[in-house]
Amino acid sequence: MVTTPSFTGTCDKEFALTGTTFLQAQRGELITIKGYYKYCLTPSFYCPSCVRQVYLNLFNKSICLASFGKAQLDCQEKHFSQPFTTPNSGGTYEIKMEEILDFSCVLSRKSNTGLSLGTVLVKEPPTIINVSSFLFEVVTGDSLTLQCSARGYPSPAVRWYKDNKLVHNDTSLELSSIKQSDAGLYACNASNVAGSDSRVVEVLVRARRPTVHQTVSTYDANNLFQNDSVTFTVILSHDLWSRDTAFNTILVWTLPYYASMLNHVPLTNVSSPYPGEYNFKIGEIQPGSSKQINITVQIDPKRVLSVGKYFLSVPSFILYEQRMASNAAKLFVGSIESVTLNFTVREDAQRGFLLNPLFDEVYLCQEKKSDLKPSCYFSNDGVQWIGLDPRVKMIFGMTVRGSYKRIFGLGTDSRCHAVSRDGVTWSCILPEKWKRESSSRDFVPAISVPERLKSDLPESNYIATKNDGTVSYGASAKGLHMKIRSGVWNLVASWECP
């Protein structure tokens, strides 16, 4: 029984719920609140014009149950049954009844005040609203915090499971000094009386070690001719995730027998422990950084390939060390793969020259379209030139051993390599013999002169000198030059007319 004061007297009132005073419901569920109110007039109460309203307040809504005056204060229970729809937010809400002295009911009234008679628990199933990334990649020895938070009512309990086993009872799971055994699937589960929700996070653990990758690129690698050069750009990049520095990094390239390394920039120590293998000492590479080296390779400088198209493939790999806690070194091999830089090597030398390293004889060739005019000429002094057999369009080299001499060239039909002892009589040889001769240590290759030369004086890549140093010949954009010992260059033959 609840009493309230009046103006000149009092009236007793009673507000009550029938049935349970504690209700549970889901969000958006329709519920019914049942109860009654009762007013009893006392003898001293005097308020002939008093009108009052009784409100039922819940979920910030105020429902007017009745509006009455003094005549209705009859001490009778006035029962009510009022429906409500629970809100979308979970929580505990109080059921209250309130008396207002006013002239009439107020529609759309909102109030949470009054006499508390009971509560409604609106349950909200858990929803995980914040979880760490679904995938983490870490290295051994690192630390990692897995975060998971959820909303719901009652407040959900958050638990972490690994491989279906409970490992932690909180929103934050701390992993320190991570080991390989810490890898796996971690499930965050949030639960309350209304339900549960879960998310899975995968943790990948790699052994702490430096990881270096290489990429190789080149430009203008099409339409290359024998004796041309091509530059490869090699970038060695260190994985930022690996944490550890790569020490004593070595780039290992293996070139085929018909290619050779001309130079590399920047200059580093390079060794060749085996024929065709080049070890470039790169040194230290920090995590997240990279180093670049440009390697220039010459294509078939000794002209061991027959006429046709070829592809160059360069096996390449990296060696590097990791410094351990005991200062010991652990060796790793990375990026073991073949550098698939497939470009076409074509034998299309249109002009070139060959100097006998032992005697004063030089051969000069510029391919002619006519089979009646010689493409190649011979001279003992750079002044008098004698035309060779017109069927020989290019001289590729010679083998000189004492008095033994063989001159090798290419026929105009491009189907055979030709050989001559004296430069007058020529005959075709088998490809096997040509390969054997051109691979011998006594073979002297001719110098192919590309069309792209710009200098009017010989460039260093296109100069040949006799073994005794007395005579040198060199090619420029104008033609063939000769100089005696350390003298000056003199043009002895132009490309148009030897």
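**Talking through the model**

Trainee: What share of the residues in the protein is buried?
Mentor: Buried residues account for 44% of the 498 residues. Keep in mind that this is a predicted model.

Trainee: Thanks! How many helices and strands are there?
Mentor: The protein has one helix and 42 strands.

Trainee: And the contacts, what fraction joins residues at least 24 apart?
Mentor: That would be 63%, counted among contacts between residues at least 6 apart in sequence.

Trainee: What about the surface, how much of it belongs to carbon and sulfur atoms?
Mentor: Carbon and sulfur atoms hold 51% of an accessible surface of about 25,700 Å².

Trainee: Let's switch to rings. How many aromatic pairs does the structure hold?
Mentor: There are twelve aromatic pairs. One of them is formed by tyrosine 39 and phenylalanine 68, with 5.0 Å centre to centre and 65 degrees between the planes. That pair is edge-to-face, because the angle between the planes is over 60 degrees.

Trainee: Where in the chain do those two sit?
Mentor: Tyrosine 39 is in strand β4 (residues 30-41) and phenylalanine 68 is in strand β6 (residues 61-68), so the pair links parts of the chain 29 residues apart.

Trainee: Is tyrosine 39 buried or exposed? And phenylalanine 68, buried or exposed?
Mentor: Tyrosine 39 has a relative accessible area of 2%, so it counts as buried. Phenylalanine 68 is buried too, at 7%. Both rings also belong to one aromatic cluster with Phe15 and Tyr37.

Trainee: Nice. Which pair involves tryptophan 434?
Mentor: Tryptophan 434 pairs with phenylalanine 408 in a tilted arrangement, 5.6 Å centre to centre with 55 degrees between the planes. Phenylalanine 408 lies in strand β34 (residues 404-411) and tryptophan 434 in helix α1 (residues 431-438), so the pair ties together parts 26 residues apart in sequence.

Trainee: How accessible is phenylalanine 408? And tryptophan 434?
Mentor: Phenylalanine 408 has a relative accessible area of 1% and is buried. Tryptophan 434 is at 0%, so it counts as buried.

Trainee: Which charged end sits over the ring of tyrosine 55?
Mentor: That is arginine 109, whose charged end is 4.5 Å from the ring centre.

Trainee: Last topic: where is valine 383 found, and is it buried or exposed?
Mentor: Valine 383 is in the loop between β31 (376-379) and β32 (386-387). Its relative accessibility is 59%, so it counts as exposed.

Trainee: How far is valine 383 from valine 492?
Mentor: They are 6.5 Å apart in space, C-alpha to C-alpha, and 109 residues apart in sequence.

Note on methods
Residues numbered from 1 in each chain as written. Predicted model: local features only at pLDDT ≥ 70, side-chain atom pairs only at ≥ 80, totals over all residues. Heavy atoms only, no water. Helix = DSSP H or I, 4+ residues; strand = E, 2+ residues; numbered from the N terminus. Buried < 20%, exposed > 50% of the residue type's maximum accessible area, 1.4 Å probe, protein only. Contact = heavy atoms within 4.5 Å. Areas by Shrake-Rupley, 256 points an atom, 1.4 Å probe, with all protein chains shown as cover. Phe/Tyr/Trp six-rings, centres within 6.5 Å; stacked < 30°, edge-to-face > 60°. Lys NZ or Arg CZ within 6 Å of the ring centre and 35° of its normal.
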